[in-house]
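Here is a briefing on one protein model. Read it with the coordinates open.

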Amino acid sequence: MNTNEKFLFVGVSPKPFRGKNYWYLDEQGVTKPNTYVWVEMGSHNRKQIVFVDSVKLCDKENLPFPIEKVRKIISQTTKEEAKKANENWEIF
């Protein structure tokens, strides 16, 4: 592994728990805060849209979670999915 390698960790919250971070790895390195992404979450690995609270660029020495155990972002949401998710989040 490259010692200069950087990892983009994404802190996400499932609806309606904004601010309760679960850390996911974004292998593409494109996720921005205050957006929505698809992840597998929970003991049944249910695919769902979650809110991105924060992003953190880390090197190997300051990872928030062990790289071999971290879950990964599946994909970014489409504009339509993000709009619908945002409307649903506003209820809470």
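A search of the whole structure finds 1 aromatic pair. A pair here needs ring centres within 6.5 Å, using rings of Phe, Tyr and Trp (its six-membered ring); planes under 30 degrees apart are stacked, over 60 edge-to-face, and the rest tilted. The rings of tyrosine 36 and phenylalanine 51 have centres 5.4 Å apart and planes at 65 degrees, so the pair is edge-to-face. Tyrosine 36 lies in strand S3 and phenylalanine 51 in strand S4, so the pair ties together parts 15 residues apart in sequence.

The model is predicted: local features need pLDDT of at least 70, side-chain atom pairs count only at pLDDT 80 or more, and totals for chains, interfaces and linings use all residues. Residues are numbered from 1 along each chain as its sequence is written, and side-chain values use heavy atoms, with hydrogens and water left out.

**Confidence and overall make-up**

- The mean pLDDT of the protein chain is 85, and 86% of its residues reach 70 or more. pLDDT is the predictor's confidence in each residue, from 0 to 100.
- Confidence is highest in S6, at 96, and lowest in helix H1 (residues 79-89), at a mean of 86.
- The secondary structure comes to 1 helix and 6 strands. Both are DSSP runs numbered from the N terminus: helices are H or I with at least four residues, strands are E with at least two.
- From the N terminus on, the elements run β-β-β-β-β-β-α.
- Of the 92 residues, 29% count as buried. Buried means under 20% relative accessible area, exposed over 50%, and partly exposed in between (1.4 Å probe, protein chains only).
- The chain exposes about 6,200 Å², and carbon and sulfur atoms supply 50% of that area. Accessible areas come from the Shrake-Rupley method with a 1.4 Å probe; for residues, only the protein chains shown count as cover.
- Among contacts with a separation of 6 or more, residues 24 or more positions apart account for 62%. A contact means heavy atoms within 4.5 Å.

**The sheet**

- 6 strands form an open sheet with mixed pairing, in the order S5-S2-S1-S4-S3-S6. Its edge strands are S5 (71-72) and S6 (75-76), each pairing on one side only.
- Two strands pair if DSSP finds at least two bridges between them.
- S3 (residues 36-41) and S4 (residues 46-59) are antiparallel, over 6 bridges.
- S3 also pairs with S6 in the antiparallel sense, over 2 bridges.
- Valine 37 has valine 50 as its bridge partner in S4. Valine 37 also stands opposite glutamine 76 in S6.
- Glutamate 40 has lysine 47 as its bridge partner in S4.
- S3 is mostly covered, with 5 of its 6 residues buried.

- Tyrosine 36 and phenylalanine 51, the aromatic pair, are both buried.
- The charged end of lysine 47 sits over the ring of tryptophan 38, 5.0 Å from its centre. This label requires NZ of Lys or CZ of Arg within 6 Å of the ring centre and within 35 degrees of the ring normal.

**Positive phi in the loops**

- Most residues other than glycine have a negative phi.
- Asparagine 34 has a phi near 65 degrees, a positive value in a residue other than glycine. Asparagine 34 is found in the loop between strand S2 (22-26) and S3. Its relative accessible area is 58%, so asparagine 34 is exposed.
- Asparagine 45 is not a glycine either, yet has a positive phi of about 50 degrees. Asparagine 45 lies in the loop between S3 and S4. With a relative accessible area of 37%, asparagine 45 is partly exposed.
- Glycine 42 takes a positive phi near 85 degrees in the hairpin of S3 and S4, which has 4 residues between the strands.

**Leucine 25**

- Is leucine 25 buried or exposed? Leucine 25 counts as buried because its relative accessibility is 7%.
- Leucine 25 lies in strand S2.
- Leaving out residues up to four places away in sequence, leucine 25 touches Phe7, Leu8, Phe9, Ile67, Val70, Arg71, Lys72 and Ile73.
- Leucine 25 and isoleucine 74 are 49 residues apart in sequence and 9.5 Å apart in space, C-alpha to C-alpha.
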